[in-house]
Amino acid sequence: MRLLKNKKKYFHQNKKILFFSNNFYKVREIKNLFKKHSIDIISLKELSVEKEPLESGINFIENAKIKSEFGNNITGLPCFADDSGICIEALNFKPGVYSKRYIESFNTRNDCFKYIISKIRKTKINRAYFKTSICLTTENKHNLIFEGSVEGNITNIPSKDNGFGYDPIFKPAGFMKTFAEMTLTEKNKVSHRSIAINKLIDFLTN
Ligand code: IMP
């Protein structure tokens, strides 16, 4: 991974970039953030790509890199992928990189929330943060990493069943709403993913 001196060699404005994700919510957040820039974001769905690599990395950067390199290899397009998760202090900062598998290990999302909230009640520690690492694999197969995180708290009761993943139980610091209660624009002003994506946008446009 390295910093590029002449990024125009690696990325040409108005070119298509693949965002490697089949997560409807992530694609919606990311397309919204790129909306005002002349960069065409293509999703896996638009290319009818369903195949995904095994996320065998032990941290967010490794998994993001596995996905962006995979997307670049199968399409030839510059490709970026994010790997994200929530770190909950009462769970010793888990599930982190295993956030997706963790929530899926419960029968329902609500069962997962109940368990997390019971741990918060026991420990009386409700601090948590979300983290995102994004890897951009350029046409020339260089990898660049962009990161973002957001601090917050786990709520006592899950909010309405909107959003994805842990959105209904995470309230970013300084806000009275959970991610699930925020509009797309509100979440995109503060989220871990938007912080990392804005760094990527700066890189691509400046
Ligand atoms: P992955 O990055 O697609 O491997 O999955 C990360 C998992 O972390 C998701 O399936 C969600 O459970 C959780 N996650 C990541 N970002 C968010 C978010 O913005 N809101 C809620 N949950 C998230």
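**Terms and Values in a Predicted Model**

Student: What makes Asn-23 a cap of the N-terminal end of helix H1?

Tutor: A side-chain oxygen of Asn-23 lies 2.9 Å from the backbone nitrogen of Tyr-25. A polar contact is a pair of N or O atoms within 3.5 Å; within protein, one atom must be able to donate a hydrogen and the other to accept it, and residues adjacent in sequence count only if both atoms are side-chain atoms. The distance of 2.9 Å is therefore within the 3.5 Å limit. Please note that the model is predicted: local features need pLDDT of at least 70 and side-chain atom pairs count only at pLDDT 80 or more, while totals for chains, interfaces and linings use all residues. Residues are numbered from 1 along each chain as its sequence is written, and side-chain values use heavy atoms, with hydrogens and water left out.

Student: Why is Thr-178 called buried?

Tutor: Its relative accessible area is 1%. Buried means under 20%, exposed means over 50%, and partly exposed lies in between (1.4 Å probe, protein chains only). Thr-178, at 1%, is therefore buried. This residue is found in the loop between strand E7 (170–172) and helix H5; helices (H or I, at least four residues) and strands (E, at least two) are DSSP runs, numbered from the N terminus.

Student: What joins the side chains of Thr-178 and Ser-159?

Tutor: A polar contact of 2.7 Å joins them. Leaving aside neighbours within four places in sequence, Thr-178 is also in contact (heavy atoms within 4.5 Å) with residues including Asp-167 and Phe-170.

Student: Why does Ser-48 count as exposed?

Tutor: Ser-48 has 63% relative accessibility, and therefore counts as exposed. Ser-48 is found in the loop between E2 and helix H2 (60–75). Its phi is near 55 degrees, a positive value in a residue other than glycine.

Student: Is Lys-124 buried or exposed?

Tutor: Lys-124 counts as exposed, at 72% relative accessibility. Its place is in the loop between helix H4 (109–123) and strand E5 (127–137), and it has a positive phi of about 60 degrees although it is not a glycine.

Student: Which polar atoms of the protein lie by the ligand's oxygen and nitrogen atoms?

Tutor: A polar backbone atom of Ser-84 is 3.0 Å from an oxygen atom of the ligand. For Tyr-166, a backbone N or O atom lies 3.1 Å from a nitrogen atom of the ligand. In Lys-187, a side-chain N or O atom is 2.8 Å from an oxygen atom of the ligand. The protein covers 94% of the 490 Å² of accessible area (Shrake-Rupley method, 1.4 Å probe) that the ligand has on its own.

Student: Which elements give two or more residues to the shell around the ligand?

Tutor: They are E3, helix H3 (99–104) and H6. E3 gives the most, with 4 residues.

Student: What makes the bond from Lys-94 to Pro-95 cis?

Tutor: The omega of this peptide bond is near 0 degrees. Pro-95 has its place in strand E4 (residues 94–95).
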